[in-house]
Amino acid sequence: MNEPAVKRARCATCLRAQSACICQWITRVEPRAALLVLQHPLEVSNAKNSARLLHLSVPGSVLAVGETFDAPALDALLHANGRAPVLLYPDTDGDASLPVPPHFVPQDAGRLRLVVLDATWRKSRKMLYLNPALQTLPRLALREVAPSNYRIRKAHAPHQLSSLEAAALALAQLEGEGTSFQPLLDAFDGFIGQQAAFVPHLNSN
């Protein structure tokens, strides 16, 4: 007779097994822009995912899980408290199936909400297709992106960043020249080191 499986104790904050808790890397940063993370369901239980650490590090941020969102509910998330949403997403010129987004006009970060799609590149594109409200948002594309430190996940190009890295750089871009979220990026490096410890070949270089 088989013994029943024993569930591993989970941290109530980061929702990971206590043996893999990442709460030590939570680093409080307070951007003037609001933050909304739309997370694809496949990312929720992915141990390599950085979105929850991002969410826990930014007070007042919202993390909503879904692939197709209810239109009124999504609209409420995007425009809560009268903020103007801007989507962190590269240009999709040449994709005739998507409308041309409105031009992003820089303004005071305190009036903005940065919207981040937490998903693989293919899944984030699908989320964009399935949620017309996202297609109507002005876009923010990152400038002068350095290679990612996301060595625990496969990327198709060096400039493809984790959600945390991309959001940190985008928030700095919105906040203006001289603003940095380096403490958040430093915490991400610690998180990566912890996760890499579970993958021996990543520590052999």
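The chain holds 6 helices and 5 strands. The model is predicted. Read from the N terminus, the elements follow the order β-α-β-α-β-β-α-α-β-α-α. Of the 205 residues in the chain, 42% are buried. Among contacts between residues at least 6 apart in sequence, 76% join residues that are at least 24 apart.

**The sheet**

- The 5 strands form an open sheet with parallel pairing, and their order across it is β2-β1-β4-β3-β5.
- The edges are taken by β2 (62–65) and β5 (139–140). Each has a single partner strand, so one side of each is left without a neighbour in the sheet.
- Strand β1 covers residues 34–39 and runs parallel to β2, to which 4 bridges join it.
- Within this pairing, Q39 stands opposite V65 in β2.
- Helix α5 packs on the sheet and touches β3 (84–88), β4 (112–118) and β5. The direction of α5 makes about 160° with that of β4.

**Helix α5**

- Helix α5 has 13 residues, and the distance from its first C-alpha to its last is 18 Å. That is close to the 18 Å expected at 1.5 Å a residue.
- Of the 13 residues of α5, 12 are buried, so the helix is largely enclosed by the rest of the structure.
- After α5 comes G176, which has a positive phi, near 115°.

**E165 in helix α5**

- E165 belongs to helix α5, which spans residues 163–175.
- The relative accessibility of E165 is 8%, and because the cut-off for buried is under 20%, the residue counts as buried.
- The side chain of E165 reaches the backbone nitrogen of S162, at 3.0 Å.

**Helix α6**

- Helix α6 has 15 residues, which should span 21 Å at 1.5 Å a residue. Its end C-alpha atoms are 21 Å apart, in agreement with that value.
- Among the buried residues of α6 are L184, L185, A187, F188, F191 and I192. G190, Q194, Q195 and A196 are also buried.
- The buried residues of α6 pack against α1 and α5.

**Salt bridges**

- The count of salt bridges comes to 5.
- One of them joins the side chains of R32 and D108, at 3.0 Å from N to O. R32 lies in the segment before β1 and D108 in the loop between β3 and β4, so the pair ties together parts that are 76 residues apart in sequence.
- Both ends of this pair are partly exposed: R32 has a relative accessibility of 39%, and D108 has a relative accessible area of 40%.
- R32 also meets E175 in a salt bridge, at 3.3 Å from N to O. This pair links distant parts of the chain, with E175 in helix α5 and R32 in the segment before β1, 143 residues apart.
- E175 is buried, its relative accessible area being 14%.
- Another salt bridge is formed by the side chains of K126 and E67, at 3.8 Å from N to O. K126 is in helix α3 (residues 121–130) and E67 in the loop between β2 and α2 (71–79), so the pair links distant parts of the chain, 59 residues apart.
- K126 counts as partly exposed, at 36% relative accessibility.

Key:
Residues numbered from 1 in each chain as written. Predicted model: local features only at pLDDT ≥ 70, side-chain atom pairs only at ≥ 80, totals over all residues. Heavy atoms only, no water. Helix = DSSP H or I, 4+ residues; strand = E, 2+ residues; numbered from the N terminus. Buried < 20%, exposed > 50% of the residue type's maximum accessible area, 1.4 Å probe, protein only. Polar contact = N/O pair within 3.5 Å; in protein donor to acceptor, adjacent residues only side chain to side chain. Pairing = 2+ DSSP bridges. Contact = heavy atoms within 4.5 Å. Axes fitted to C-alpha atoms, helices over the stretch in contact; angles between N-to-C directions. Salt bridge = Lys/Arg side-chain N within 4 Å of Asp/Glu carboxyl O. Expected span 1.5 Å × (residues − 1).
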